[in-house]
Amino acid sequence: MKRIRLLLFVAAGAGALAFAATGCGGGGGGGGGGEAKALPSASCGAVRYGGEGKPEVLIASDLPLQGANRSLTTEMADAVDFVLSRRDYKAGGKKVGYQSCDDSTAQAGSWDSAKCSSNARSYANDKSVIGVVGTFNSGCAKLEIPVANRAPDGPLAYVSPANTYPGLTISGPGTESGEPDNYYPTGKRNYARVVWNDQFQCAADAQFAKEQGLTKVYVVTDKETYGLGIATLFSTYAKKLGITILPGRPAAWDKKASSYDAVASKIKQSGADAVFLGGIVCNNGGKLVKDLRAGLGPDVQLFGPDGWTPISATIDGAGSASEGMYITQPGIPADQLKGAGKTFVDAFTAKLGHEPDPYSLYAAQAADILLGAIDEADADRAKVAENLFNRDVKGGLLGDFKIDENGDTTLGTVSVWQVKGGKPVFVKLITPELSFVKG
């Protein structure tokens with residue numbers, strides 16, 4: 001087992017110096033002594049670097065920086081930079097620069113398949129890039145992982161702070177035929193994540209629904225990889241607990257629709273006492289919640305998974321219609337963290353001027369895992385991915401946990417929040433029993 005210890009964050013450092021981004025990538029020598037060339041400016045910001053001289057290698061983050069999640073993902077990128085700054089922009093004996101890259105478009109307001117594929121090719125073909133923190137959306141990860149897996153000089157390492165679709169790392173409930181092997185054409189793994197997969201979240205959501213006394217839950221999905229997977233998994237676990245799932249299989253909502261009155265009407269006719277929203281807020285989620293609340297009234301409970309975070313985006317999009325809605329997300333609230341996690345929160349809060357979103361903590365932890373692997377590989381691109389697995393993390397931001405042989409974390413705690421008075425209010429923590437999750 002490999003053992004790593006997260007550096008303690010004792011104070012918020014000065015902001016990173018911006019190292020001018022020029023050129024279009026493709027240069028550099030994986031871990032060599034030359035100067036790292038910047039990735040294309042069309043998708044990536046300027047190289048962030050606050051160390052001496054110039055960076056020799058690069059890491060990138062791949063997040064949707066446009067749309068409803070912009071405030072969250074921008075903060076997540078800052079968290080990655082903050083972790084690197086605490087290491088004096090060094091890892092594996094090399095000077096490390098960082099670029100924040102965007103996999104979204106303004107038109108989509110969310111991740112875009114063409115951008116994801118293009119970004120992955122840029123990372124894979126630029127030998128200066130020795131690791132990526134990303135992606136945010138599971139659908140984007142399905143496109144990027146295989147490209148990175150075939151990168152020159154060995155598979156390119158990815159560590160995701162947010163992908164929860166199970167099929168990226170394992171087979172079983174909620175996955176498709178051929179997964180996960182079809183994402184790793186070389187036969188070698190290059191992808192890990194620090195967030196639990198949706199099997200844990202959906203088990204927790206089903207348990208919470210049971211605790212709330214819900215008996216008939218109508219399930220809708222945006223039909224994307226994440227949304228369809230999580231809607232299907234929730235239905236599976238809820239049925240185990242004796243909850244009736246309507247309309248039998250997840251119904252779809254069209255993100256381009258101008259009205260969801262017809263969806264609300266079908267739900268009302270079904271007699272459901274709750275609606276599970278399997279999808280992401282970026283897919284016209286605010287309008288969906290408004291129309292459901294208008295058509296169903298206050299007595300039908302609305303709840304959804306972490307696709308509806310940051311919760312502020314749901315509140316902004318749906319307004320007063322979001323009142324009373326339950327939303328789950330990974331881990332424990334920032335103000336309940338201890339040790340290195342609390343130290344990081346205090347330091348990063350001082351830098352931001354407000355408490356960070358829980359997903360920013362996951363971004364920071366993902367960055368630290370990646371940098372630890374770079375250390376152990378001596379910044380050799382071909383070896384970084386090999387060092388992501390079977391890691392025993394002690395004193396991490398998120399506590400003590402492991403990254404197993406599949407690249408999955410052993411953390412499985414879920415926090416439940418409710419919108420009250422136009423603000424997210426913490427309700428409780430749920431840690432599903434492994435026997436229920438895997439049974």
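## Largest pocket

The largest pocket has a volume of about 400 Å³. The model is predicted. Twenty residues, 20 in number, line this pocket. Nearest its centre lie Glu 355, Pro 356, Asp 357, Pro 358 and Pro 424.

Three elements each supply at least two lining residues: helix 1 (70-86), helix 8 (311-318) and strand 20 (423-430). Helix 1 gives the largest share, 3 residues. By class, the lining of the largest pocket divides into 10 nonpolar, 6 polar and 4 charged residues.

## Second largest pocket

The second largest pocket holds about 230 Å³ of space. It is lined by 13 residues. Phe 200, Thr 409, Thr 410, Leu 434 and Lys 438 are the closest to its centre.

The lining of the second largest pocket has 6 polar residues, 4 nonpolar and 3 charged.

## Helix 8

Which residues of helix 8 are buried? They are Ile 311, Ala 313, Thr 314, Ile 315 and Ala 318. An α-helix has 3.6 residues a turn, so residues three or four places apart point the same way.

What do the buried residues of helix 8 pack against? Their partners are helix 7 (285-296), strand 16 (326-330), strand 19 (414-420) and strand 20.

Gly 319 follows helix 8. The phi of Gly 319 is positive, near 60°.

How values were computed. Residues are numbered from 1 along each chain as its sequence is written. This is a predicted model: local features need pLDDT of at least 70, side-chain atom pairs count only at pLDDT 80 or more; totals for chains, interfaces and linings use all residues. Side-chain values use heavy atoms; hydrogens and water are left out. On a 1 Å grid over the protein atoms alone, a cavity is a set of points where a 1.4 Å probe fits but cannot get out, and a pocket is an open set with protein on both sides within 12 Å along at least five of seven lines; lining residues have an atom within 4 Å of a point. Grid points are joined across faces, edges and corners, and a volume is the space filled by probe spheres set on the points. Helices (H or I, at least four residues) and strands (E, at least two) are DSSP runs, numbered from the N terminus. Ala, Val, Leu, Ile, Met, Phe, Trp, Tyr, Cys and Pro count as nonpolar, Asp, Glu, Lys and Arg as charged, and the others, Gly among them, as polar. Buried means under 20% relative accessible area, exposed over 50%, partly exposed in between (1.4 Å probe, protein chains only). Contact means heavy atoms within 4.5 Å.
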